[in-house]
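Please look over this structure with me. My notes on one interface follow below.

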Protein chains: 4
Amino acid sequence: MAVPVAAGPHRDYYAALAERNLAALWQRNAETSASEPRVTVAPYLWRRADYYEYLLRAAEVVTPERGAERRVVQFVNPALGDRFGTTHTLITGVQLLLPGEVAPSHRHTPAAIRFILQGDGAYTTVEGEKCVMRQHDLILTPNWTWHDHGNESAEPMIWLDGLDVPLVRGALQAAFYQPYPDDRQPVTRPDGASARQFGAGALQPAWGRPTSVASPLFVYRWAQTRQALDALAGVDASPHDDVYLEYTHPHTGGHVMPTLGCYAQMLRPGVETRAHRHTSSAVYYVVAGEGSTTIGEERFDWARGDVLALPPWTWHAHANRSTREPALLFSLSDQPVYEALGLYREEAAA
Amino acid sequence: MAVPVAAGPHRDYYAALAERNLAALWQRNAETSASEPRVTVAPYLWRRADYYEYLLRAAEVVTPERGAERRVVQFVNPALGDRFGTTHTLITGVQLLLPGEVAPSHRHTPAAIRFILQGDGAYTTVEGEKCVMRQHDLILTPNWTWHDHGNESAEPMIWLDGLDVPLVRGALQAAFYQPYPDDRQPVTRPDGASARQFGAGALQPAWGRPTSVASPLFVYRWAQTRQALDALAGVDASPHDDVYLEYTHPHTGGHVMPTLGCYAQMLRPGVETRAHRHTSSAVYYVVAGEGSTTIGEERFDWARGDVLALPPWTWHAHANRSTREPALLFSLSDQPVYEALGLYREEAAA
Amino acid sequence: MAVPVAAGPHRDYYAALAERNLAALWQRNAETSASEPRVTVAPYLWRRADYYEYLLRAAEVVTPERGAERRVVQFVNPALGDRFGTTHTLITGVQLLLPGEVAPSHRHTPAAIRFILQGDGAYTTVEGEKCVMRQHDLILTPNWTWHDHGNESAEPMIWLDGLDVPLVRGALQAAFYQPYPDDRQPVTRPDGASARQFGAGALQPAWGRPTSVASPLFVYRWAQTRQALDALAGVDASPHDDVYLEYTHPHTGGHVMPTLGCYAQMLRPGVETRAHRHTSSAVYYVVAGEGSTTIGEERFDWARGDVLALPPWTWHAHANRSTREPALLFSLSDQPVYEALGLYREEAAA
Amino acid sequence: MAVPVAAGPHRDYYAALAERNLAALWQRNAETSASEPRVTVAPYLWRRADYYEYLLRAAEVVTPERGAERRVVQFVNPALGDRFGTTHTLITGVQLLLPGEVAPSHRHTPAAIRFILQGDGAYTTVEGEKCVMRQHDLILTPNWTWHDHGNESAEPMIWLDGLDVPLVRGALQAAFYQPYPDDRQPVTRPDGASARQFGAGALQPAWGRPTSVASPLFVYRWAQTRQALDALAGVDASPHDDVYLEYTHPHTGGHVMPTLGCYAQMLRPGVETRAHRHTSSAVYYVVAGEGSTTIGEERFDWARGDVLALPPWTWHAHANRSTREPALLFSLSDQPVYEALGLYREEAAA
């Protein structure tokens with residue numbers, strides 16, 4: 001029983017409450033009347049050098065047998081303790097799949113994204129569709145979709161995994177999991193079918209479009225994303241995030257999944273953004289370039305391959321330190337959750 | 001007063017009704033209890049040879065002065081009489097703009113689309129954005145958006161105009177019109193800004209997206225459309241329309257405008273579709289290839305440049321007569337109207 | 001072929017166009033560039049004395065046999081000619097059902113409402129639910145719902161019928177009709193089931209709510225409506241319509257049907273509203289009181305039982321001529337159509 | 001740093017990970033591959049006798065000064081530990097306001113509901129509107145709405161408070177709070193204005209309806225709720241919850257708030273419902289009658305005034321032990337959260 005019994009004039013009263021699983025709200029005033037959120041997520045930067053070697057060594061530690069389903073090294077926010085996440089809602093990690101290996105098929109209610117870091121030609125099969133992975137592609141495996149990974153190429157495949165596990169399993173106690181009877185689900189659709197069917201942007205099949213909550217487009221190719229960043233750069237930019245695109249659900253224009261938002265961002269050469277803060281948290285992966293993000297009072301200098309955790313409701317601003325090359329970031333955010341629940345707030349620095 | 005007074009036993013009674021602007025429903029039973037719509041739109045094919053010469057000759061008839069704002073030859077359904085339209089809700093025509101000419105700026109509540117037939121390098125300015133026209137691009141000028149056309153190229157520019165005038169002006173009496181004070185509105189945005197901002201498909205600006213009812217993307221480039229048709233052809237096709245894409249609103253996935261839907265369609269070599277009918281009507285333009293559409297009992301053989309009117313609730317099926325080349329169709333439909341009002345019905349032939 | 005061939009310098013050219021079912025847009029400039037809608041609907045008032053006697057006499061003219069399904073005297077706008085409606089989108093009439101009679105069961109895509117004028121205890125059966133009619137209740141028979149009327153009471157039953165026939169049959173050519181095999185459909189649900197299930201306002205069944213486009217609540221009782229008018233009168237009023245309530249779809253808060261809006265309105269004693277105009281049209285029925293509505297330049301003085309047609313885009317203002325009694329109006333409008341199609345406009349007088 | 005370092009063959013490797021705030025997913029397999037949620041909420045019943053006396057005694061413990069803003073005794077789930085809630089997302093309690101007292105005005109992002117248990121004539125002022133409290137009324141104070149309570153009656157006022165604090169403050173770190181400069185906010189609207197404006201169910205103001213995410217109706221009167229339960233009982237019932245109504249947002253038909261759903265329920269005499277389970281959790285308050293709820297293996301017998309916590313994803317069924325009197329329950333649920341995030345699941349017992 002978690003209710004504390006304070007020493008003092010009404011000790012017996014409070015003890016009696018505690019025995020009955022009751023608590024006195026008036027004893028929690030400091031907590032109740034805090035004007036802003038008490039944030040328990042730390043800003044944190046994992047450099048590529050911090051994790052890359054250990055991911056490769058994981059190949060020796062984890063032999064590719066069924067018991068160890070996924071060879072993933074996770075980024076654990078040092079401030080979260082038992083809540084175990086990269087932020088309070090998001091968990092990210094890097095996964096390694098060696099040539100010839102298969103990460104067996106399963107499905108779960110936590111939603112996941114993969115952002116491909118290295119290699120070319122492995123695949124994820126999602127709901128019967130084999131999606132070939134190329135560098136910096138985004139692959140979605142929404143809530144309760146069957147998925148398995150296989151590496152038929154000759155080189156190791158590495159990607160960033162991002163999930164809403166701390167929210168879905170931890171906070172909401174809604175994690176369901178099911179293994180597929182076989183290591184691989186059958187491939188029932190043409191390779192890359194969803195991209196060919198729904199990946200042409202504003203041109204969509206005129207009949208029988210699915211009405212799924214999550215995006216029916218499982219792969220977003222980097223080549224298109226890179227082009228889109230350049231196109232947008234010519235006409236508009238956000239003061240806080242510079243050239244900032246969201247991967248959207250092609251049939252609703254909304255977030256790709258109800259709990260996760262995915263973004264590609266270009267900081268043009270020399271750009272310094274204005275600080276802002278919002279109730280959502282995020283995890284960034286540096287695709288290219290060198291820059292820095294100031295979070296609260298602390299400045300984090302980053303380069304290609306680094307991973308950065310942004311806590312909720314914390315001032316932050318980005319800078320591209322190069323005056324010649326753009327810096328490119330991929331990020332994952334819980335903003336859809338805050339919007340859906342009427343809790344999204346954003347404030348620009350004065 | 002339109003109420004007919006029938007001869008017969010109650011002639012005085014009916015005459016008294018008519019004097020008071022009253023009518024007897026029971027005298028209209030045949031009309032009231034018809035099981036299916038009485039369609040007053042004829043299927044009709046305008047061959048390119050029928051209209052092209054007259055459009056060119058319009059250059060001599062209409063000198064480019066303010067009084068004659070638009071040099072358009074319209075396709076008039078022979079069955080509609082006073083209702084004046086290509087179908088009962090749609091009016092289409094071909095417009096000619098000579099080198100150096102300007103079609104002055106105005107706006108109106110009828111919504112319009114342009115599908116570019118010939119020429120390269122003229123432009124439409126829509127809400128301050130200059131959209132360069134290339135062959136087979138689609139350009140939107142939604143309800144109440146300022147727009148003017150100019151031809152700075154060295155060749156005549158010809159496009160297909162499509163509007164919802166018969167619905168908006170005729171049926172709903174809701175046509176508003178306003179000329180711009182000058183021939184040209186000022187250009188306030190970069191050339192092709194909307195395509196660069198919103199034209200990257202599922203990649204959309206992550207902040208401040210507009211919430212317009214009509215698509216904020218004013219140009220849909222043919223190169224992308226053509227690619228999308230090929231991509232879709234590899235994975236799916238409709239039994240009634242074969243490879244059939246809708247141009248969509250990038251922020252909602254819905255129709256480009258509340259009254260008009262736009263479609264690009266590929267009939268693969270040798271394809272013959274299964275007949276169906278729907279309450280919506282459409283106008284087709286043949287982009288490439290040779291084929292035929294059977295509407296009711298009549299077969300219409302078409303080729304590049306032809307225009308075809310499809311009446312509502314009429315059986316129709318398409319065939320590509322070539323076994324080697326795809327046939328490509330652009331079409332304009334009033335389907336969004338029927339959907340919005342709960343009146344869309346579709347039936348497949350047995 | 002409707003295209004006129006003007007006499008003049010290019011007569012041959014225009015004649016050639018006409019032969020090919022082509023027309024020259026530039027010859028229609030006056031029509032095309034009219035700044036506001038050309039309204040062909042007249043404001044018109046039918047006094048109770050004008051129609052009531054003829055409705056009763058219809059009992060002699062129409063004997064209750066199958067051939068004459070509905071004994072309805074319709075209000076025909078004198079300005080509409082062949083388009084036949086009370087306004088360009090709405091047709092209203094009064095229907096008489098004598099004791100013991102049945103108006104046989106059928107369904108159609110035009111949507112209908114009934115507003116009960118006189119009698120107590122007849123019924124409409126809608127989709128298997130018998131709805132007892134009491135004075136000033138509103139009963140809905142949405143698009144394609146089976147409905148029949150029966151009078152098991154000892155007195156004649158009279159109600160106002162309102163439908164979207166001019167829109168659905170005339171403008172959109174989408175009228176379907178089907179007779180039920182028997183005069184009466186079977187009653188499969190408890191009497192007034194929809195009101196008991198969905199009629200408690202903000203309290204709705206917590207499971208399995210239907211997701212119909214039209215309201216699943218078939219009856220709106222006048223007692224509740226009258227109370228709601230009084231309640232609203234204490235806190236708010238519209239400058240243009242005074243105390244003005246819409247009957248809504250209980251599961252969406254939207255219009256009761258996609259094509260028809262229904263409204264109850266109280267003009268408090270002595271109230272004179274400010275003029276406005278909107279693109280939608282309406283038909284009013286005077287439930288109680290005496291007042292006047294000025295439409296354009298003309299003033300229409302009305303009293304209980306009168307019916308008034310309001311054209312689209314026409315200035316109008318209401319006045320209650322009594323300083324002691326409220327005036328109560330029921331009205332039917334096509335506003336949902338204009339909203340759905342992005343064509344609703346409203347303007348307040350200066 | 002929360003990552004455990006397992007003893008074993010790769011101890012150095014795991015230690016190196018931990019130093020770098022990295023973790024090995026494969027060491028958490030048991031947690032990751034649990035087929036169903038691990039629920040840490042206990043079912044629990046607080047009898048009226050358990051809490052009522054302590055609430056009254058709180059009057060002596062908490063003198064009504066500013067420092068102790070709310071005299072609330074909270075129901076604390078014994079299984080939740082530090083997470084402190086009645087369930088993992090909901091916190092409920094009972095609040096006492098003595099004659100003459102004021103609970104000062106403030107606002108916060110956690111949303112709250114009040115269900116009135118005892119007294120008549122105190123009030124909550126919400127956004128300038130004074131809402132008089134009567135027994136078993138529901139009063140809403142949505143996210144970030146100013147609210148204060150005052151007791152101008154001669155008797156103590158007691159109500160049930162329900163909030164989403166464990167979700168908003170705990171899980172999402174999004175709790176904002178602001179005190180009003182004075183104890184009472186000014187009353188700017190007529191008493192009960194929102195009920196008079198928006199409380200007439202399907203009859204809603206026809207102009208200028210607000211578009212708030214939360215219900216603009218701040219009070220739902222018990223008299224209407226009680227009537228609605230009787231009306232529904234005559235036509236339909238859920239196999240799992242018997243006669244079960246949701247308080248809805250009058251302009252959307254949706255939940256009253258994005259994070260909280262409110263329900264009134266009647267178990268008819270003798271009814272025993274079929275068990276089901278769902279991912280959402282709930283807290284019940286017994287308004288009248290005697291019955292029992294079996295949760296998992298345990299049966300909880302309840303009577304008027306008792307409070308019951310239902311954990312997520314736990315089988316439960318209700319029974320009314322009386323064969324003559326209905327049992328009435330009010331409940332609060334987090335179902336809107338699960339629905340919005342695509343995580344709502346429900347399963348009926350075989």
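**Notes on the interface of chain D and chain A**

1. The count of salt bridges between chain D and chain A is two. A salt bridge is a side-chain nitrogen of Lys or Arg within 4 Å of a carboxyl oxygen of Asp or Glu. A:Glu31 forms one with D:Arg169. Their closest N and O atoms are 3.3 Å apart.

2. This is a predicted model, where local features need pLDDT of at least 70, side-chain atom pairs count only at pLDDT 80 or more, and totals for chains, interfaces and linings use all residues. Residues are numbered from 1 along each chain as its sequence is written, chains are lettered from A and ligands numbered from 1 in the order in which they are written, and side-chain values use heavy atoms, without hydrogens and water.

3. Chain D brings 81 residues to the contact (heavy atoms within 4.5 Å). Chain A also brings 81 residues.

4. About 7,000 Å² is buried between chain D and chain A. Carbon and sulfur atoms give 61% of that area. Buried area is the accessible area (1.4 Å probe) that two parts lose on being put together, summed over both.

5. Strand E3 (residues 72-75) of chain A runs antiparallel to E1(D), and three bridges join them. Strands (E, at least two residues) are DSSP runs, numbered from the N terminus. Two strands pair if DSSP finds at least two bridges between them. Which residue of E1(D) stands opposite A:Phe75? D:Leu22 does.

Methods. Helix = DSSP H or I, 4+ residues; strand = E, 2+ residues; numbered from the N terminus.
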